[in-house]
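Hi there,

Here is the structure I promised to pass on to you. Have a look at it first, and then read on for what I found.

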Amino acid sequence: MGTEILLSGVVYTARDAAHQRLVHALDSGKKLPFDIAGQTLYYAGPSPARPGRIIGSAGPTTSQRMDSYTPRLLAAGLRAMIGKGARSQEVKEAIKRYKAVYLVTIGGAGALLAGAIRRAEVIAYEDLGAEAVWRLEIESFPAIVANDIYGGDLFEQGKRKYRLDRNEGGRQMECVFCQIIAGKISSETVYQDEKTVAFRDIHPRAPTHLLIVPRKHIPTLAHVSEADSSIVAHMVNVANQLARSEGIAEKGYRVVINCGQEGGQLVPHLHMHLLGGRQLTGLLG
Ligand code: 5GP
Ligand code: ZN
C-alpha cells in the first residue's frame, strides 16, 4: 500500500452508466461484452482523439460513484480498479475477500496519463458516448496502490498523517516553547529529562527565574488530562530540585502556573515559573 507502480497492459474503461449495464447483464445471466475475469477497470470516460492522436483526455473519475456496483464485479472476477479518491467500507472488504487491488492515479496528470495510452478502441456500449467501454493498451501508466488484500488504506493513512501534521507538527511550528525544546530557538537551558526542559526566562523578574516546560505540547493547565497529571507532579519535583541547585531552597521560592488569559498566561504551552533569590512581594494577584 502506497507503492507507486507503472502499469503496462490492457485496461477497460467504465464509468457509472457502463457499470450499471455490466451489473445488469450479470444479474440477468447475460454475457458481458468482454471477459472481466482477471481484468482491470479504469474509471474514465476518454474524450475522442483529435486527428493524429490516439486518444483525447483520459483522466480518472471519482471512484465512489462505482462503489455500489464494485463488489458484484469483483465477485465476477474483476481484479483491479484504477480511479480517484477513497472507496466505501463494502468495497474495501470485497477487495480483501477477492484478493483484488484498487489503484489511484496521480492527480492532475491527465496529459501524462493520456501519453501512456498506446492503443484505444471502443468495444461496448457505444451509445453511451463518453461513457462507453474502451479497451486501452497502456504502457508505464503511473498509479499508486490505495487498497490492497491486506486491508491497507492509503486514504486512512493519509488522514492520520495529516491529523498528526496539523495537531502535533503544525502547532509545534508556531509554539515558541516547542521551538525552544526542539533547539530551534536558543535559550539558556539549565535542566532536561525525557519529560521536561527548564530554561531561564528571557525577561527575568527575580535573580532566579526559570521556566519548567513539559516536552509534550499541552496548551494550558486546564488542558492537563488525568493521564497527563503525573507530568505536573514531575514539574514540581524538577522545580524543587532546581531550587536546590540554584541555591534558593533554604530561603524560599515561589512556583507559579498562569492559566489562560485572565490567569496572565502569555505563552500557550504549559509552563511553571520558578522565582527566587530575593524577597518576593505581593500576595496572590
Ligand atoms: P506566561 O506569562 O505565559 O506565564 O509566561 C511566559 C514567560 O515566557 C514570560 O515570563 C516570558 O518572559 C517568557 N518567554 C517568552 N518568550 C521567551 C523566549 O523566547 N525565551 C525565553 N527564555 N523565555 C521566554
Ligand atoms: Zn508547544
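A residue is called buried here if 20 or more other C-beta atoms lie within 10 Å of its own, exposed if 12 or fewer, and partly exposed in between. With that rule, 30% of the 285 residues of the chain count as buried. Please keep in mind that this is a predicted model.

The average pLDDT of the chain is 89, and 91% of the residues score at least 70. Residues 162–170 are a stretch to treat with care: pLDDT stays under 50 there, and the model gives this stretch two contacts beyond four places in sequence.

Overall layout

The chain has seven helices and 11 strands. It is divided into domain 1, residues 4–157, and domain 2, residues 175–276. How far apart do the C-alpha centres of the two domains lie? The answer is 57 Å.

Along its principal axes, the C-alpha trace spans about 95 × 40 × 30 Å. The radius of gyration is 31 Å, whereas a compact globule of 285 residues would have one near 19 Å. As for contacts between residues at least 6 apart in sequence, 61% of them join residues at least 24 apart.

Strand β5 and what follows it

Ile-123 sits in strand β5, which covers residues 117–124. Is Ile-123 buried, exposed or partly exposed? Ile-123 has 13 other C-beta atoms within 10 Å, so it counts as partly exposed. Neighbours within four places in sequence aside, Ile-123 is in contact with Pro-33, Phe-34, Val-133, Trp-134 and Arg-135. A pair to pick out in your viewer is Ile-123 and Asp-201: they are 78 residues apart along the chain, and their C-alpha atoms are separated by 75 Å.

Tyr-125 belongs to the loop between β5 and β6, the latter being residues 133–147. Its phi is near 55°, a positive value in a residue other than glycine. Tyr-125 counts as partly exposed because it has 17 C-beta neighbours inside 10 Å.

Strand β6

Why does Ser-140 count as exposed? It has 12 C-beta neighbours inside 10 Å, and a residue with 12 or fewer is exposed.

Val-145 has 17 other C-beta atoms within 10 Å and is therefore partly exposed.

Around the ligand

Ligand 1 has 14 residues around it, and those that come nearest are Ile-202, His-203, Asn-258, Leu-266 and Val-267. By class, the shell around ligand 1 is made up of seven nonpolar, five polar and two charged residues.

Methods:
Residues are numbered from 1 along each chain as its sequence is written. Chains are lettered from A and ligands numbered from 1 in the order in which they are written. This is a predicted model: local features need pLDDT of at least 70, side-chain atom pairs count only at pLDDT 80 or more; totals for chains, interfaces and linings use all residues. A residue is near a molecule or strand if its C-beta atom, placed from the backbone, lies within 6 Å of it. Ala, Val, Leu, Ile, Met, Phe, Trp, Tyr, Cys and Pro count as nonpolar, Asp, Glu, Lys and Arg as charged, and the others, Gly among them, as polar. Helices (H or I, at least four residues) and strands (E, at least two) are DSSP runs, numbered from the N terminus. Two residues are in contact if their C-beta atoms, placed from the backbone, lie within 7 Å. Domain bounds come from an automatic or database domain assignment. The radius of gyration is taken over C-alpha atoms; the globule rule is 2.2 Å times the number of residues to the power 0.38. pLDDT is the predictor's confidence in each residue, from 0 to 100.
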